[in-house]
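Colleague: I would like to learn how to read a model like this one, feature by feature. Could you walk me through it?

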Amino acid sequence: MEKRKVTVPLVCHGHSRPVVDLFYSPITPDGFFLISASKDSTPMLRNGETGDWIGTFEGHKGAIWSSCLDTKALRAASASADFSAKLWDALTGDELHSFEHKHIVRACAFSDDTHFLLTGGVEKILRIFDLNRLDAQPRLVDNSPGSIRTVAWLHSDQMILSSCTDTTGVRLWDLKSGKIVQTLETKSPVTSAEVSQDGRYITTADGSTVKFWDANHFGLVKSYDMPCNVESASLEPKHGNKFIAGGEDMWVHIFDFHTGEELGCNKGHHGPVHCVRFSPGGESYASGSEDGTIRIWQTGPVTHEESDLLPGNEPSGKVKAVADEVARNIESGLHIVGEGKTGETDKTTNA
């Protein structure tokens, strides 16, 4: 019987409610970082390589649906159900500004040049805030056909893309005209849209399908049917030869980009997987789940003869109590620490 490739993940506790969005910074002189959005209203910043907890951004009064870092990982942004998007100092945890909206904000993204913040949500309006003039009114790009679910910049900040919660497809907007210039057609609403690190591809997840689009000519390059409904997908950034997907079956699947063959299946979460993202170097990837944990998996997995018996990989296992030191610390506010709590390797033994 063929041996399955699986990995023993680093398990990052701390969130008390589902993790719904993950974002890796580019590689900086200080390494790379991972920020997570959770329904517990507190985005968390971690060392992207080790999973060490760095700090928690406190100030929102509602679920966080999206969070991101600028290209130098000096500032963070978050989009919340409290009708606001906030800008944060990623070094100190201080709130720099709160951008008020009239309804739930579902998505946010820094421009590549770090001068602008793009937001979208239930209002069906894309807003572009000038981060050099925080009190200035934002530019509005409206006429979105539905409640906005995802946003991203592309083409050196000359275009933006968005997808909707209740409408199929991805819309591409030209910033000069403020008009939709292209729609990428899908059968189901797009729950995840990622522009590849080299700018060549747009990766989308809709229903039980993962699609790859040419980011320059917008043609469909590849489309693969998944074993279940998937909520998120991410393309390996260095070689572009594999991709990951996660969804309702609680597993993180790895596929060959060229053939669609499933290369591996990592088990460990105890609830649906809401978000998956590759690290900027491609050596690992992270997943966030309904179970409130983030798991960081190595891309080059070891082979185990009985993967289902790996500690922490039991589908029926009980969710571990979030009672570690990190969880206690974050309740008292943001603490930037020199040596954060290391993400645990899942090594609990079977009872």
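Colleague: Let me start with charged pairs: which residue forms a salt bridge with E95?

Modeller: Side chains of opposite charge can pair when their charged atoms come close. The cut-off here is a side-chain nitrogen of Lys or Arg within 4 Å of a carboxyl oxygen of Asp or Glu. For E95 the partner is K86, with the closest N and O atoms 3.4 Å apart. Before we go on, a word on the source: this is a predicted model, where local features need pLDDT of at least 70 and side-chain atom pairs count only at pLDDT 80 or more, while totals for chains, interfaces and linings use all residues. Residues are numbered from 1 along each chain as its sequence is written, and side-chain values use heavy atoms, with hydrogens and water left out.

Colleague: Thanks! Is K86 buried or exposed?

Modeller: Buried means under 20% relative accessible area, exposed over 50%, and partly exposed in between (1.4 Å probe, protein chains only). K86 has a relative accessible area of 7%, so K86 is buried. E95, at 38% relative accessibility, counts as partly exposed.

Colleague: How many salt bridges does a search of the whole structure find?

Modeller: The search finds seven. One of them joins D70 and R75, whose closest N and O atoms are 3.3 Å apart; D70 counts as buried because its relative accessibility is 4%. Another is between the side chains of E194 and R277, at 3.6 Å from N to O. E194 lies in strand β18 (residues 179-195) and R277 in strand β26 (residues 273-278), so this pair ties together parts that are 83 residues apart in sequence. E194 is buried at 13% relative accessibility, and R277 is buried too, with a relative accessible area of 16%.

Colleague: You mention strands. How many helices and strands does the chain have?

Modeller: Helices (H or I, at least four residues) and strands (E, at least two) are DSSP runs, numbered from the N terminus. The chain has one helix and 30 strands.

Colleague: And how do I read a sheet? What is the strand order in the open sheet of four strands?

Modeller: Strands of a sheet pair through backbone hydrogen bonds, either parallel or antiparallel. Two strands count as paired if DSSP finds at least two bridges between them. In this sheet the order is β7-β8-β9-β10, with antiparallel pairing. β7 (64-69) and β10 (95-100) stand at the edges with a single partner strand each, so one side of each is left without a neighbour in the sheet. Further in, β8 (residues 75-80) and β9 (residues 84-89) pair over five bridges; A77, for instance, has L87 in β9 as its bridge partner.

Colleague: What about backbone angles: what is the phi of S41?

Modeller: Most residues other than glycine have a negative phi, and most peptide bonds are trans. S41 has a positive phi, near 80°, and is found in the loop between β4 (33-38) and β5 (44-47). S156 also has a positive phi, of about 55°, and its place is in the loop between β15 (148-154) and β16 (159-164). S41 counts as buried at 15% relative accessibility, whereas S156 counts as exposed at 61%.

Colleague: Finally, the whole chain: what share of the 351 residues is buried?

Modeller: Buried residues make up 57% of them.
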